[in-house]
Amino acid sequence: MFTTRPTLQGTFGMVSSTHYLASQSAMAVLEHGGNAYDAAVAAGFVLHVVEPHLNGPAGEVPIILAPAGGEVRVLCGQGVAPAGATVAHYRDELGLDLVPGTGPLAAAVPGAFDAWMLLLKDHGTRSLAEVLRYAIGYAEDGHAPVERVGETVETVRELFTTEWPSSAEVYLVDGEPPRPGRLLRNPRLAATWKRLVAEAEEAGPDRVAQIEAARRIWREGFIGEALVRQAARPTLDTSGTRHTGTLTLDDLAGWHATYEEPATYAWRGWTLCKAAGWSQGPAFLQQLALLPPELPAYGSADYVHLLVEGCKLAMADREAWYGDADPAGVPVDALLSDAYNAERRALVDPEKASYELRPGRPLGAAPRISAHARAVAAGESGFDALGVAGAGEPTVQKNGATRGDTCHLDIVDRWGNMIAATPSGGWLQSNPVVPELGFPLGTRLQMTWLEEGLPNSLTPGRRPRTTLTPSLALRDGVPVMAFGTPGGDQQDQWQVHFFLAVALRDRVRGGLDLQGAVDAPNWHTDSFPGSFFPRGMRPGSVTVEGNTDPEVVAELRRRGHDVTVGDDWSEGRLCAVARDPHTGVLSAAANPRGMQGYAVGR
């Protein structure tokens, strides 16, 4: 069958990411003898440079890794709320109802940098200087930016010129936003990494000692000090008011990235691995658990209807049960149990779209939903004004409010090491560029609620529930595929559709390989409270790509779905790599949507 690109196949190494320069940088590391984890770190730091509107060093990154012959692990690069980030401070002292979508009040303890360093230390083989040289080169010598970077900067031009001058100095050179074909440089970022490497190398020639020194410099040295100074600067945010943040050196010193067991679900010989309930990852697993034994024809109206309705139920449970604030934890086992999902599955009307938010009672207890979420579900507050995200790119307002903003990378090497990572946060429109460093703070705390007693309440020392959700799949207990996508709340919709296209390929005429599954028409629903400020909802909505079968669209509308037909090639930015454990053949595919993702390998 025709696909936009071939599914790459080889035996040496495969990389897929949301930017071709990151993919090629990772491949260069593999070619020079590095493994998948060395390559991932190099690509992660290149993504900070070439997709600054989608991620940055002070953002966050969940990582799923499967070392050859080892156990699948989740590496959590999601920082926690600072000690001073309490509901009382935000509501009672500052008079806020929601955490702002921009500015230092929304900044969690940065998590991405430490996660990449821990990965490099424990699983990599290269030095700090070796993996950072690609990012340093693109920041210092420049790269030709993709069109979307300039469009994002143009949107927030007034904010940069009137309120965030340090951002204007990097992204409005001579008053002009970045343009394709013109080199975009970030000399301050390059200088930061060069100084970091130089100071880390003072720890001696040992690779691990240098990496540990870099981690200390981030928390306690010139980088940490600059981050805290920035958090203390009054900054205009989406509330329309200038606020200072709560981040301190003690917050930075008290947090580090950690390893965890993945949340898993077995389905038809596959085992899907995701981050736990501090992410939205289990919602992917629950969508599989909600599927009936027999599925409708792939791509039919029955099929899309079934998946949309199942997604609504899983996301309603996400709203009621996911988060890191409850010491009892998230009842993932109960949410994925056969009995519970049989009960939930019975709520799906095969002929009628649902419009209500319907969380369940996995342990018999009443679901805990915020007052804001109940209001938007009841129609008391409109859907957020940011519009419908397409291609996983951010929809940005002039005040920097953003929806759907992330990168992704997947790598498998010749030894069988595999990794999926979804870097995000700390994007250029989230906070002012830290003048001394060349990158901004993040805004992940906007995903918490300013209401006590919820699983996702703003709580010092606890992680905000994140939308970031890489995936890794095992077949008969052996890791075979890593995949993921940007897209905020859409991530665990688009990934489910991709996975099923792969898993059900024998039932599709002509078959679907990785690239075919990436290329297949995609869709999403916003019929649940969103994770990004201002946390809205579009009950009954379904957005489909323009190349969706018109008969399928008509039938969905007949069943009551509020269908929006988007542009062709507008849904998702999926990446994927795979390894056949029987032959050792490696595969990779990347999304044509967005005109920048690429797979490379041999």
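Predicted model: local features only at pLDDT ≥ 70, side-chain atom pairs only at ≥ 80, totals over all residues.
**Entry 1: Ser279**

I started at Ser279, whose side chain reaches the backbone oxygen of Ala275 at 3.4 Å.

Residues are numbered from 1 along each chain as its sequence is written, and side-chain values use heavy atoms, with hydrogens and water left out.

I found Ser279 in the loop between strand 9 and helix 13. Helices (H or I, at least four residues) and strands (E, at least two) are DSSP runs, numbered from the N terminus. Is Ser279 buried or exposed? Ser279 counts as buried, because its relative accessibility is 0%; buried means under 20% relative accessible area, exposed over 50%, and partly exposed in between (1.4 Å probe, protein chains only). Leaving out residues up to four places away in sequence, I see Ser279 touching Tyr322, Arg465, Thr466 and Leu468, with contact meaning heavy atoms within 4.5 Å.

**Entry 2: strand 9 and its sheet**

Next I followed strand 9 (residues 270–274). Of its 5 residues, 4 are buried, so strand 9 is largely enclosed by the rest of the structure. I see strand 9 pairing with strand 8 in the antiparallel sense over 5 bridges, and with strand 14 (residues 471–475), also antiparallel, over 4 bridges. Two strands pair if DSSP finds at least two bridges between them. Leu272 is the bridge partner of Tyr265 and stands opposite Ala473 in strand 14. Cys273 has Leu472 as its bridge partner in strand 14. Strands 8 and 9 make a hairpin with 2 residues between them, and Arg268 in the turn has a positive phi of about 55°.

I then traced the whole open sheet: 7 strands in the order 1-20-19-15-14-9-8, with antiparallel pairing. Strand 1 (8–10) and strand 8 (263–267) are at the edges with a single partner strand each, so one side of each has no neighbour in the sheet.

Helix 18 (residues 491–503) lies across strands 8, 9, 14, 15 and 19, running at about 135° to strand 15. Axes are lines fitted to C-alpha atoms, for helices over the stretch in contact, and angles run from 0 to 180 degrees between N-to-C directions.

**Entry 3: helix 20**

I turned to helix 20 (residues 550–558), where Val552, Val553 and Leu556 are buried. Down the axis of helix 20, the buried residues fall within an arc of 100°, so they line one face; the arc is that of the directions from the helix axis to the C-beta atoms. On the other side, Pro550, Glu551 and Arg558 are exposed. Their buried counterparts are covered by elements including helix 14 (301–321), strand 17 (541–544) and strand 18 (562–565). At the start of helix 20, a side-chain oxygen of Asp549 reaches to within 2.9 Å of the backbone nitrogen of Glu551. Gly560 follows helix 20, with a positive phi near 100°.

Conventions. Polar contact = N/O pair within 3.5 Å; in protein donor to acceptor, adjacent residues only side chain to side chain.
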